[in-house]
Amino acid sequence: MPAIWHPFTQHGLGEPIPRIVRGEGACLLTDDGRRILDGISSWWVNTHGHCHPRIMAAIREQSEKLDQMIFAGWTHEPAERLAGELGEFLPGELSHIFFSDSGSTAVEVALKMALGLWHNRGHPRHRIIVMQHSYHGDTFGGMSVGERGAFNRAYERLLFDVAPIPFPGEGDTLGALEALLANRADPPAALIVEPLVLGAGGMKMYAPELIAGMAALCRAHGVPFILDEVMTGWGRTGSCFAFEQAEIVPDIVCLSKGITGGAVPLAVTACTRPFFDAHYSADKADMFFHSSSYTANPIACAAACANLSIWRDEPVMERIGHIAARHAGFRETAASLGALRNLRQCGTILAMELEAGGGGQDYLSGHGPALQRFFMDRDLLLRPLGNCIYVMPPYCVSDADLDKIYQAIADAADAFG
C-alpha cells in the first residue's frame, strides 16, 4: 500500500498523526473517540464551523444535478449566481471574477493578469514589488513573491526576481515603495501584499493606514495594487475584507479559504475592468491564458453561495466581534505571563511569541513540534509557526472553547518558560 506524504510534515520526527473521522462545529472527532478543538480553523479555512448544515445541504443538492464541467467557453448556474452574489460583498470597481481552485492559484492568476496587462498594452513590465516576510503560496509564482528562506530554499534558482520593501517597523516601507515605483529604467508591473496580517510569515501585523498609503502611491504611479486576502478575507481581521479597514479598493484581490466556509476548494481573483479590457480582443493570441481543470466547479460554487447566504442571514459579524473581544481580554491577563511576548491581535487572529531558551525564534524553532504535541495532548489543534503561537478559531467557537484554548496557552507558558 502506498504511503501518504503529508504536507508541511517532517515524517522523520515521528510525530503522531491523528485520524479524523468527523467534524462538528468547532471540533474534530478522532477514530479513537477524542474530541479535538480546532483552534486554527483547519489551516484558516473553516469559518462557520465544520459541516455547517446549510453548506452541506447545498453540496448535496448540487451534487445530484451537475458535478463538474469545463468552464472554458461554457458556463453554469452556480458560477453565475456566485459571481452575482459576490457583487453584494465586493466593491463595484472589482467588476470581473476569475475562478480557480486554491489560494496559491488565485495569486498566480493575479500576477499573470498584471503582467498580461502590460504585455498586451505593448509596454512589457516584469518586476513585482513584494513585502518582506510575505507568504503567497507554494506554486512557483507564489514562492517567487514570498519571503525567501526555508519554504523555498531548494527551488530558489528557479524563482524570478522581485523588488522587496521592508515590513513596517523594519524600515521605511512607503519610502522604499515610492523609490521603486518611480524607477523609470525598470518600472514595476505590480505590488502584492497581504493586508494587515502576514500569515505564514509569523502573523506579523500592521496598521490599515499603511495599506491606504501603499494604495495611494500605486495609484499615483499607475501601478496595479494586488491584495492577497486568501487568509485575511471573510472576517478574519474583524471586517469582511481587510482592505475595508483601509477604506481603499485594490486593483486585484485574491480570495479563497473561507469563500466556501472552508468546506471545499475554490478561489476567486477579482479585478477591475482594465485587466479584462487588456485581454479583450478579436485576436485569440491576446486572451488570458490560464485555467485549471476544476475552474468554477459547480459543487464548490454552490457551497460558496451557501456561505454567502450565511453571511447575509446570520449574525456573523457579531460572532466575530465577540471572539475579538474575548481575545482582547486574554491579552490583558496574559501580559503577566513572562514567557509570552509581543501579544497582538487583529480581529479574530490572536498571536504571540513564546520566549524560552534554546528553541530559536523562527519557523524551524525547536519549540514548534514540542508546542504542537503539548496542545495535542490537551485535545487542541493549535499549530505554532515555530515559537509563534496563534489562535484563529471558527466563528461558532464557544466561550468554554476559548477558555480552554487560553488556559492551554497559559499552561504552555509555564511549561516552556
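Mentor: Contact here means heavy atoms within 4.5 Å. This is a predicted model, in which local features need pLDDT of at least 70 and side-chain atom pairs count only at pLDDT 80 or more, while totals for chains, interfaces and linings use all residues. Residues are numbered from 1 along each chain as its sequence is written, and side-chain values use heavy atoms, with hydrogens and water left out.

Trainee: Which residues does Gln-62 touch, not counting residues up to four places away in sequence?

Mentor: Gln-62 belongs to helix 2, residues 53-63; helices are DSSP runs of H or I with at least four residues, strands are runs of E with at least two, and both are numbered from the N terminus. With neighbours up to four places away in sequence set aside, the residues in contact with Gln-62 are Pro-78, Pro-298, Ile-299 and Ala-302.

Trainee: Does Gln-62 count as buried or exposed?

Mentor: Buried means under 20% relative accessible area, exposed over 50%, and partly exposed in between, with a 1.4 Å probe and protein chains only. The relative accessibility of Gln-62 is 7%, so Gln-62 counts as buried.

Trainee: How many residues of strand 5 are buried?

Mentor: Strand 5 covers residues 127-131 and is mostly covered. Of its five residues, the number buried is four.

Trainee: Which residue in strand 6 is the bridge partner of Ile-128?

Mentor: Two strands pair if DSSP finds at least two bridges between them. Strand 5 runs parallel to strand 6 (residues 162-165), with four bridges joining them. In strand 6, Ile-128 has as its bridge partner Val-162.

Trainee: And which residue in strand 7 is the bridge partner of Arg-127?

Mentor: Strand 7 spans residues 188-193 and pairs with strand 5 in the parallel sense over four bridges. The partner of Arg-127 there is Pro-188.

Trainee: Why is the pair of Phe-98 and Phe-288 edge-to-face?

Mentor: Rings of Phe, Tyr and Trp (its six-membered ring) pair if their centres lie within 6.5 Å; planes under 30 degrees apart count as stacked, over 60 as edge-to-face and the rest as tilted. By this rule there are 16 aromatic pairs. The centres of Phe-98 and Phe-288 are 5.2 Å apart, and the pair is edge-to-face because the planes are at 85 degrees.

Trainee: Where does the charged end of Arg-378 sit?

Mentor: A charge sits over a ring if NZ of Lys or CZ of Arg is within 6 Å of the ring centre and within 35 degrees of the ring normal. For Arg-378 the distance to the ring centre is 3.5 Å, and the ring is that of Phe-374.
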